[in-house]
Amino acid sequence: MKLSRQFTILGSGIFCVVVFSLYLMLDHIDHSKNPNGERHQKGQLGILQDKIDHLERLLAENNEIIANIRDSVINLRETVKDGKVFPERNISQGILELHPPAPLLLPIHSEDCQFAARTYSRAADGVQMLDVHDLLNFDNPDGGVWKQGFDISYQEHEWDNESLQVFVVPHSHNDPGWLKTFDDYYKDQTQHILNNMVVKLHENIQMKMIWSEISYFSKWWENIDEQKRDAVKRLIENGQLEVATGGWVMPDEANTHYFALIDQLVEGHQWLENNLGVKPKTGWAVDPFGHSPTQAYLLKQAGMSNMLIQRVHYSVKKHFASQKTLEFFWRQNWDQDATSDILCHMMPFYSYDVPHTCGPDPKICCQFDFKRLPGGRVSCPWRIPPQAITDNNVQERALTLLDQYRKKSKLYRTKVLLAPLGDDFRYTEAVEWDQQYGNYQKLFDYMNSHPELHVKAQFGTISDYFDALRKSTGLDATGTSVGTPALPVVSGDFFTYADRDDHYWSGYFTSRPFYKHLDRMLESYIRAAEILYSLTMANIQKYDKPTNYPAGDNYKLLTEARRNLGLFQHHDAITGTGKDWVVVDYGTRLFHSIMNVKRIIVSSAHWLVIKDKQTYSHDPSNPFLQMDDAQPAQDALLRKTVLEIHDRPRLVVVYNPTEQARTSMVTLHVNTLHVRVLDALGLVVPAQVSALWNDATNAATDVFQLSFLAHATPLGLSMYQLTEGMEMRTEASKYTFPQEGRDIAVSGLEHFRQSYHQYASSVQIENSQLELSISTVTGLLERVKLKEGGVEHQVKVEFVWYGTTSKKDKSGAYLFLPDGDATIYSSSQPTMIRVTKGPVFSEVTTTFPHITHTLRLYNIQGVEGQSVEICNTVDIRGETNREIAMRITSDLNSKDRFFTDLNGYQVQPRKTMAKLPLQANFFPMTSMVYLEDSSSRLSLLTAQSLGAASLKSGQLEVIMDRRLNQDDNRGLGQGVLDNKITANSFRLLLEKRSSEEETKKEETAPYSYPSLLSHMSSMYLNHPLISMSSSLDSVDVPLTVYNPLRTSFPCDVHLVNLRTIQSKEEGGGPSDQAALILHRKGFDCGFSNQNTGLLCATTRGKVPFEKLLTDLKVKSIIPASLSLMHTHNSEGDPQEIHLKPMEIRTYRLQLS
């Protein structure tokens, strides 16, 4: 058996070499020129293309052979002596590399390159937001009563042929945390609003109401009796109460990652399905600070037909109003067949409160907010109070209000008008319901009983409005247009928002960055826990014997974590715009949920790796596996736990939460320098032991850092054994300290080689792909060299400070109002630079008073060896009104164009505009920012959302933290002074373009795509390997590695989630179904695909899901809408999933 396996490995190795040699020869022939300098004739090119296609097929077969080898290895592991993973003695002392090497050339199907490479053509009726920004002056002249607009007039008889239809939509905007915590708002306000709603809607059959935040609604539902629940269901059935959007919260759209946006939408919609049987059809977003097309796409994929947005730059609103484009079909930039269109209504005025929703004059509209009647607690700032409607004043009041309605309707293309009636936490008291209903109903009755006014006014829900709008424009009920579209198509996004003057809301892209990072940590852990939990549940079903795996308890913890993550996506939570104690409340929820999902991960991993399932025993007080890190408090950085390694072996289980086979570094803290690392076959794994630093110059003498490269199968659990003892292949790091003319005293390095140098001007670190030059004066990066092709670029890192303006309005939690250009960060203290080199990684750590900055290169042939890891630990707690940024200046000629992602889902081209103030040129960056010229692209990938800009050609800038002493007058009532020591992680990726023509094409296109390598690097950064250690007494328990997938997913297909669906039975535990959510990423083929280290191929969007599974079977797989609200008919073979580029699809999956 062993011999035949060796022949298989040898044979396939020879096959690989031959195929790749041929491929590279053909590649060379194709690009060479004949002596006359002309390309070969088309006929010969055709033959060559056929040969290349044939070789691509051979490559696919080669991948299959490699998969078979991997399966053989898995089987071999199973048969190791005594059923233990680790034999008593090693099979071999050498390093036998049984993991398949990554192909030299990434097998990308030519069809898969066409999506990103196609020529851009705009729809004839299309409005592109990049063009709108070019067009506008962004000035702010006084528009009269509508300060930021213009004077509106109309002719008396315009409505003679078609009456004006007015829908007044009562709403109450309930922030799940802002000035009070979620629980305090619920106790003080929200529960009363909902209780009064049931009574008052029942009393007044014409009154209506919309509700959006399910976080509050579900809490209230738990506390009401069956009688009240039945009353709520009746209100929904008769159309008086509508749930709009129906997400857990009304999420921020700038800092949120699409994983969490989807998750909070699924949580809300699943709650509605299980408790009310409601399926929302309209999105309602009145308060997020700018709007993203990603949210529009997700609502469309969830099965919604309409949406409403409010906070858009005042100049854009004015322009849209003048063009009558405030209602439009919002289409994704990348969509050329109109499948993503969703009907969108943009509110025209300053705010969503009553003074700014009936018409252009807030002084008049305020008089129709009957909560402000004299004697109440709120009044009109324009000092003309509302009047209660009587028979004596109803005519004058009705005509005054109708005048506002008519003027507002002139900004739209139809005779259907929306007038929201509400504000923050409205309708708390019964008296307000009576005031608004009673007075408005008198006004409506008067208007409707006078046919000469040509108006029909009524209370309505948001979907009542959209239904009437669709009817009046000849649109069908859910789709886009029937025949010629009556409404324009708009593509692009609505960032960066300004509500007045130069008050740009770009501060919140960074505010409270500690919690923005904590949010992403919880996202990664939840996703890992969801997938492991779903796989464990399916395996338990297959095992079909009783087990004490805590399925119910784990599902409760998972549900709570989903809801805490969902709560944090709220537009005053992840934004960093809540009161200090509210931020602590959010942080505590995130912190507890991280601890809880770690419990789910370890108990699930334990069940999956234990060989004899009957011996599985769940003991929460003494878990079989433990995470290798812990967070001491909600506002503290993660700390690694120290593994005690003695004569008995210590087991480490490594979980790969990504759907790709990968090689990544695992870092553990151990109590000894002398460690030997073995893999599951008993083979020695090369490792590096480094010092742990208490501060810049003092290393710990009793704890060390152990780093080794783990080969991880997709979604798999692999194993390593640590034993104490001398090992040639475990090397100690070597340290160098550039002295720059001064003496440096370093303690604690007795066990390491160290040297002190008076360097010339720079120090180098390198791996097989990259060489970095770092200044010995500043300790910061200066140049990056790509070894393939020998291309070297200036890539200079520096830190800068921003102050705040001396004007009356200053920077705060929301606003960024700097005092001019940034000043270069400099320190009066000498900079401490430490260079670490070793076989697994090399790094340079530079310590400044406010920042500890580390540049790291991994000695990996895979994905993570292709980029530079940047870690910044920032502490500005002693500063006053300052913001600190990292600036990267390159020699790329990017001009005024750069690119930021939107929600980690898509990339939006940006243009830095000289006509705008500095703060307007900052944009949200959720996962990446990049710039490029005709030959190269420089990307900064991020593990947390921050604000980013490119203020000069070739330059990127990211704001890392902000400390501000004052409120910025947007309602928060405080500055931002609760800064923490914050860790920011990035990857810097420099890529060479293989074709300059593509760049020219891209210069006009409103879309751009990362390369596959960039996508993969971003995923590895956001989803690191998770390592767990066994307790010391578990060494004799027989274990097995766990490999749920035969091979990696296609390179461009991402497993967003595998989320166990809640059972509809009493108690709501786990069902036997899971939501399989997949995303096919759009990618740019125009970059080198040699030596990427990827172990996958592209497959034209086909995912043969059942064939990917090793031991589980697909019992059923049913296509559904994104949040499972609707079931779709499955076309073709249900076992083979087919995704279009950029598509996110959900399936109801049952495994057995």
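User: Which residues have the most contacts inside the largest nonpolar core?

Analyst: In soluble globular proteins, nonpolar side chains tend to be buried together. A nonpolar core is a set of buried Ala, Val, Leu, Ile, Met, Phe, Trp, Tyr and Cys residues joined through side-chain atoms within 4.5 Å; buried means under 20% relative accessible area (1.4 Å probe, protein chains only). Here the largest core has 256 residues, and Tyr405, Phe494 and Met1028 have the most contacts inside it. Helix α15 (residues 513-543) gives the most to this core, 17 residues; helices are DSSP runs of H or I, at least four residues, and strands are runs of E, at least two, numbered from the N terminus. A second, separate core of 32 residues includes Phe737 and Phe752.

This is a predicted model, in which local features need pLDDT of at least 70, side-chain atom pairs count only at pLDDT 80 or more, and totals for chains, interfaces and linings use all residues. Residues are numbered from 1 along each chain as its sequence is written, and side-chain values use heavy atoms, with hydrogens and water left out.

User: Is Arg1148 buried or exposed?

Analyst: Arg1148 is buried, with a relative accessible area of 14%. This residue is found in strand β49 (residues 1144-1151). Contact means heavy atoms within 4.5 Å; leaving aside neighbours within four places in sequence, the contacts of Arg1148 include Gln270, Glu273 and Ile1061.

User: How far apart in space are Arg1148 and Arg1059?

Analyst: Their C-alpha atoms are 9.7 Å apart, while in sequence Arg1148 and Arg1059 are 89 residues apart.

Key
Buried < 20%, exposed > 50% of the residue type's maximum accessible area, 1.4 Å probe, protein only.
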